[in-house]
Amino acid sequence: MLTLSVRGLPRSTTESSLNQLFTEYGDVRSLKMAKDLFSGDCKGFATIQMEGHHARAAIDALNNSELDGSRIRVDLDRGPKGRGGKRGR
């Protein structure tokens, strides 16, 4: 199972439309889209879990593609930034 990071999504994106886009490349196991607390609009990014070969096919096909006038970026999720490394002693 791989987790994909999807960035650059237009505000009009819905979980349903994003799920439909990615299911063209395989089963979407999990989809979490960041939404504005008050308006409910997409905040521009999401994480999606798919099986490895399906995730790689989605990256190859959708990275730097256009979705409703916005260029989206799809890559493997690297986890939270600035949280790695050695723990203090």
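Predicted model: local features only at pLDDT ≥ 70, side-chain atom pairs only at ≥ 80, totals over all residues.

Reader: What makes strand 2 and strand 3 a pair?

Author: Two strands pair if DSSP finds at least two bridges between them, and strand 2 and strand 3 have six, in the antiparallel sense; Met 33, for instance, stands opposite Ala 46 in strand 3. The two strands also form a hairpin with six residues between them, and in its turn Gly 40 has a positive phi of about 80 degrees.

Reader: How do you know the order of the open sheet, and which strands stand at its edges?

Author: The order of the five strands is 2-3-1-5-4, with antiparallel pairing. Strand 2 (28-35) and strand 4 (65-67) each have a single partner strand, so they stand at the edges and one side of each is left without a neighbour in the sheet. From one strand to the next, the twist averages 30 degrees. Elsewhere in the sheet, strand 1 and strand 3 run antiparallel and are joined by six bridges, with Thr 3 opposite Gln 49. Strand 4 and strand 5 are joined by three bridges, and there Glu 66 stands opposite Arg 71.

Reader: How many helices and strands does the protein chain have, and what counts as one?

Author: The protein chain has two helices and five strands, where helices (H or I, at least four residues) and strands (E, at least two) are DSSP runs numbered from the N terminus. Read along the sequence, they follow the pattern β-α-β-β-α-β-β.

Reader: What does helix 2 lie across, and at what angle does it run to strand 1?

Author: Helix 2 (residues 52-62) lies across strand 1, strand 3, strand 4 and strand 5, at about 20 degrees to strand 1. Helix 1 (residues 15-23) lies across strands that include strand 2, to which it runs at about 145 degrees. The angles, from 0 to 180 degrees, are taken between the N-to-C directions of lines fitted to C-alpha atoms, for helices over the stretch in contact.

Reader: What about Asp 27, Asn 64 and Asp 68: are they buried, exposed or partly exposed?

Author: Asp 27, in the loop between helix 1 and strand 2, has 49% and is therefore partly exposed. Asn 64, in the loop between helix 2 and strand 4, counts as partly exposed at 43%. Asp 68, in the loop between strand 4 and strand 5, has 60% and is therefore exposed. Asn 64 has a positive phi of about 65 degrees although it is not a glycine, and Asp 68, also not a glycine, has a positive phi near 50 degrees.

Reader: What makes the largest nonpolar core a core, and which residues have the most contacts inside it?

Author: A nonpolar core is a set of buried Ala, Val, Leu, Ile, Met, Phe, Trp, Tyr and Cys residues joined through side-chain atoms within 4.5 Å. The largest has 20 residues, and those with the most contacts inside it are Leu 4, Leu 9, Leu 18, Phe 22, Ile 48 and Val 74. Strand 1, helix 1, strand 2, strand 3, helix 2 and strand 5 each give two or more residues to this core. Ile 48, for its part, is in contact with residues including Leu 4, Leu 18, Phe 22 and Leu 31.

Methods: Residues numbered from 1 in each chain as written. Heavy atoms only, no water. Contact = heavy atoms within 4.5 Å. Buried < 20%, exposed > 50% of the residue type's maximum accessible area, 1.4 Å probe, protein only. Lists of a residue's contacts leave out its neighbours within four places in sequence.
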